[in-house]
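Welcome, and thanks for taking a look at this one. Please have the viewer open while you read, and follow the text residue by residue.

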Amino acid sequence: MTDRDSKTPVTVLGLGAMGTALARAFLATGHPTTVWNRTPGRADALVTAGAVRAENLPAAASAGPLVVICVLDHRAVHELLDAAGDRLTGRTVVNLTSSTPEDARETARRAAELQVDYLDGAIMVPTPLVGRPESLLIYSGDRHLYDTHRTTLAALGGRSEHLGADPGLASLYEIGMLDLFFAGMTAFLHAAALVAADGVPAKEFLPYAEDVVAILPETLRGLAHDVDSARHPGDDDNLEMDRAGLDHIVHASEARGVDPALPALVRGLAPRAIDSGHGRDGFSRVVQELRRPAS
């Protein structure tokens, strides 16, 4: 028996950039890999690399015990589940399609109706990092399913974590992490536009931006403690002080013709908390305002 013979066969449905990266990772670690896509030509390079092209969706669904889905959206996942029909019965479907927690829970219910074992997941790295040590994938749903296929899923690289039995947890964490990621990128681009208005190139400002980002891990730990404990001490700084700094960002943006919407949004949270009598509290207090957005 060869090493390849001992590896669990995997089917990958959906061969966009991410689906292709997933299939390549399984192939690279010796897993017999069947692939299928609505546009058959997308499988050509993978077939050259050793994958088996399924002639149709039912054949793909029944090719092995583990089926990985990575398509455009939640609706496309449901279309695949319905089209595959009973060919998926008794098999494990790992859905790595980006979605909302509500979508993931609905898909889990639909899979149960079809007697399909279902595990939801999220890929938290760009396509070039799939299969590499830097990769991070998170999963939620039936823990037994995760443990059963953990070795196979390890082909996708790096860290692999099961978050809990609720199938919506992986999507919830994904959205939270993307929220932080996109807000961070947008904040840097706003700052770059701000300093560029006075002739400072982004690359010259970059080292100072990196200094600020380096402070964030410890800052986030403090914010997490404050949020979970519902205590918002303003011992080191408080919202009255923070509002002044936020005012400066908004005014400097307006003076340079840079869109002030982002800093104005953040600044708007502080007065709401202050008007509620929390001016001497720390910045973490604005979490209460975010939980009850302004009309």
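Which residues does V93 touch, not counting residues up to four places away in sequence? The model is a predicted one, and in it V93 touches V67, I69, L88, V116, D117, Y118 and L119. V93 lies in strand β5 and is buried, with a relative accessible area of 1%. Another pair to look up is V93 and A108: they are 15 residues apart in sequence, and their C-alpha atoms are 9.8 Å apart in space.

**The chain as a whole**

Let us zoom out for a moment. The protein chain has 295 residues, and 40% of them are buried. Its secondary structure comes to eleven helices and eight strands. Taken along the principal axes, the C-alpha atoms fill a box of roughly 70 × 40 × 35 Å. Among contacts with a separation of 6 or more, 62% are between residues 24 or more positions apart.

Just after α4, G85 takes a positive phi of about 60°.

**A loop residue**

T39 is found in the loop between β2 and α2. With a relative accessible area of 46%, T39 is partly exposed. T39 and L15 are 24 residues apart along the chain, and 8.7 Å separates their C-alpha atoms.

S140 lies in strand β7, residues 136-141, and is buried with a relative accessible area of 0%. Leaving aside residues up to four places away in sequence, S140 touches L119, D120, H162, G164, D166, P167, G168, L169 and A170.

| Side chain | Backbone nitrogen | Distance |
|---|---|---|
| S140 | L169 | 3.5 Å |
| S140 | A170 | 3.0 Å |
| D142 | H144 | within 2.7 Å |

The D142 atom in the table is a side-chain oxygen, found at the start of α6. Helix α6 itself covers residues 143-153, and L145, Y146, H149, T152 and L153 are buried in it. Why do these residues sit on the same side of α6? They do so because they cover an arc of only 105° around the axis. On the other side of α6, H144 and T151 are exposed.

**Helices α7 and α8**

Two packed helices are described by the angle between their axes and the distance between the axes. Helix α7 (residues 169-196) and helix α8 (residues 202-229) pack at an angle of about 145°, and their axes are 11 Å apart. The crossing in which α7 passes α8 is right-handed. From α7, the contact is made by L180, F188, A191, A192 and V195, while α8 brings A202, F205, L206, A209 and L220.

Conventions. Residues are numbered from 1 along each chain as its sequence is written. This is a predicted model: local features need pLDDT of at least 70, side-chain atom pairs count only at pLDDT 80 or more; totals for chains, interfaces and linings use all residues. Side-chain values use heavy atoms; hydrogens and water are left out. Axes are lines fitted to C-alpha atoms, for helices over the stretch in contact, and angles run from 0 to 180 degrees between N-to-C directions. Helices (H or I, at least four residues) and strands (E, at least two) are DSSP runs, numbered from the N terminus. A crossing is left-handed if the near helix is turned anticlockwise from the far one by less than a right angle, and right-handed if clockwise. Contact means heavy atoms within 4.5 Å. Buried means under 20% relative accessible area, exposed over 50%, partly exposed in between (1.4 Å probe, protein chains only). The arc is that of the directions from the helix axis to the C-beta atoms. A polar contact is a pair of N or O atoms within 3.5 Å; within protein, one must be able to donate a hydrogen and the other to accept it, and residues adjacent in sequence count only if both atoms are side-chain atoms.
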